[in-house]
Each structure stands twice: as C-alpha cells, then as structure tokens.
Amino acid sequence: ARPCTILVPVYNGANQVRRCLRSLLLHADPRHGVVIADDCSTDLDLSEELSEWSARHAHVRYIRRANNLGYLDNVNALLEETEGDVLLLNSDTEIGPQCVERLQRAA
C-alpha cells in the first residue's frame with residue numbers, strides 16, 4: 001500500500017485526542033504522515049501537548065489555526081493543504097493494527 005496522509009481535526013477533548021494519537025503511533029506505519037489540525041482549542045495545555053507530539057515524531061505535523069473555523073471548514077482547509085490519498089479521522093477515533101492498509105485495500 002502506498003503512503004497516505006492521516007488528517008485529524010481537533011477541538012479540545014484532550015483525553016480522546018490522546019487515545020487517538022496513541023493508537024496512530026502504535027498501529028499506523030510512520031510512512032503515513034499524520035497532520036493534526038487544532039481548530040483554535042480553548043484548552044491551551046492540549047495545544048502545547050500536541051505541539052510536543054509533533055516535535056517528538058517526525059511524521060506528525062501540528063497546525064494550530066489562528067481562528068476557530070468550525071469542523072467542516074477545518075477539514076476542508078486540511079484537504080486543500082494535502083496532496084495524495086488521505087484518511088480523515090475524528091479525534092475520538094482509535095485505530096487497530098493494519099487499519100490504514102485494510103482501508104486502502106477496500107478503496
């Protein structure tokens with residue numbers, strides 16, 4: 001399967017976001033880039049934590065929007081900024097082993 005970009009729009013929900021990112025780090029091949037788009041969360045500790053995740057993992061990129069766009073506009077902006085195949089995950093999603101590859105085969 002070819003690499004894809006995993007897009008994760010985020011707005012608060014620190015516990016769910018942590019579980020999502022842990023599952024991605026555990027089960028997604030690092031050749032799949034991960035882009036976390038924080039839609040101007042009010043939880044500044046979460047924003048700082050997401051920035052640290054990105055600094056620790058080369059395949060994870062963190063974007064913090066300057067203004068709250070809302071879910072759909074945040075997702076649309078992500079899609080416009082990304083080339084190639086994407087997997088859009090809600091920030092409360094947890095993936096299992098080979099999830100990305102199984103989805104790619106189904107597509």
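Biologist: Why is Asp85 called partly exposed?

Modeller: Its relative accessible area is 31%. Buried means under 20%, exposed over 50%, and partly exposed in between (1.4 Å probe, protein chains only). So 31% puts Asp85 in the middle class. Bear in mind that this is a predicted model: local features need pLDDT of at least 70, side-chain atom pairs count only at pLDDT 80 or more, and totals for chains, interfaces and linings use all residues. Residues are numbered from 1 along each chain as its sequence is written, and side-chain values use heavy atoms, with hydrogens and water left out.

Biologist: What makes Asp85 and Arg2 a salt bridge?

Modeller: Their closest N and O atoms are 2.6 Å apart. The definition asks for a side-chain nitrogen of Lys or Arg within 4 Å of a carboxyl oxygen of Asp or Glu. The pair qualifies. Arg2 counts as exposed, at 57% relative accessibility.

Biologist: Which parts of the chain does this pair link?

Modeller: Distant ones, 83 residues apart. Asp85 sits in the loop between α3 (71-81) and β4 (86-88), while Arg2 belongs to the segment before β1. Helices (H or I, at least four residues) and strands (E, at least two) are DSSP runs, numbered from the N terminus.

Biologist: How many salt bridges does the whole structure hold?

Modeller: The search finds seven.

Biologist: Why speak of a network for Asp29, Arg31 and Glu101?

Modeller: Salt bridges link the three residues. Asp29 and Arg31 meet at 3.3 Å, N to O. Arg31 also pairs with Glu101, with closest N and O atoms 3.9 Å apart. That value is still within the 4 Å limit. Arg31 is in the loop between α1 and β2 and Glu101 in helix α4, so their pair ties together parts 70 residues apart in sequence.

Biologist: Is Glu101 buried or exposed?

Modeller: Buried, at 10% relative accessible area. Asp29, at 31%, is partly exposed. Arg31 is also partly exposed, at 35%.

Biologist: What makes Arg65 a buried residue?

Modeller: Its relative accessibility is 11%, so it falls under the 20% limit. Arg65 lies in the loop between β3 and α3.

Biologist: How do you know that the side chains of Arg65 and Asn74 make a polar contact?

Modeller: They come to 2.8 Å. A polar contact is a pair of N or O atoms within 3.5 Å; within protein, one must be able to donate a hydrogen and the other to accept it, and residues adjacent in sequence count only if both atoms are side-chain atoms.

Biologist: What does Arg65 touch?

Modeller: Setting aside residues up to four places away in sequence, its partners are Ala37, Asp38, Asp39, Cys40, Asn74, Ala77, Leu78 and Glu81. Contact means heavy atoms within 4.5 Å.

Biologist: What makes a set of residues a nonpolar core?

Modeller: The members are buried Ala, Val, Leu, Ile, Met, Phe, Trp, Tyr and Cys residues joined through side-chain atoms within 4.5 Å. The largest such core has 22 residues. Ile6, Val8, Leu24, Ile36 and Leu50 touch the most other members. At least two residues each come from β1 (5-10), α1 (14-27), β2 (33-38), α2 (44-56), β3 (60-64) and α4 (99-106). With five residues, α1 gives the most. Apart from this core lies another, of five residues, among them Val35, Ala37, Ile63 and Leu78.

Biologist: Where does His27 sit, and what does it touch?

Modeller: His27 is in helix α1. Its contacts beyond four places in sequence are Ile95, Gly96, Pro97 and Gln98. The C-alpha atoms of His27 and Cys99 are 7.5 Å apart, though 72 residues separate them along the chain. At 24% relative accessible area, His27 counts as partly exposed.
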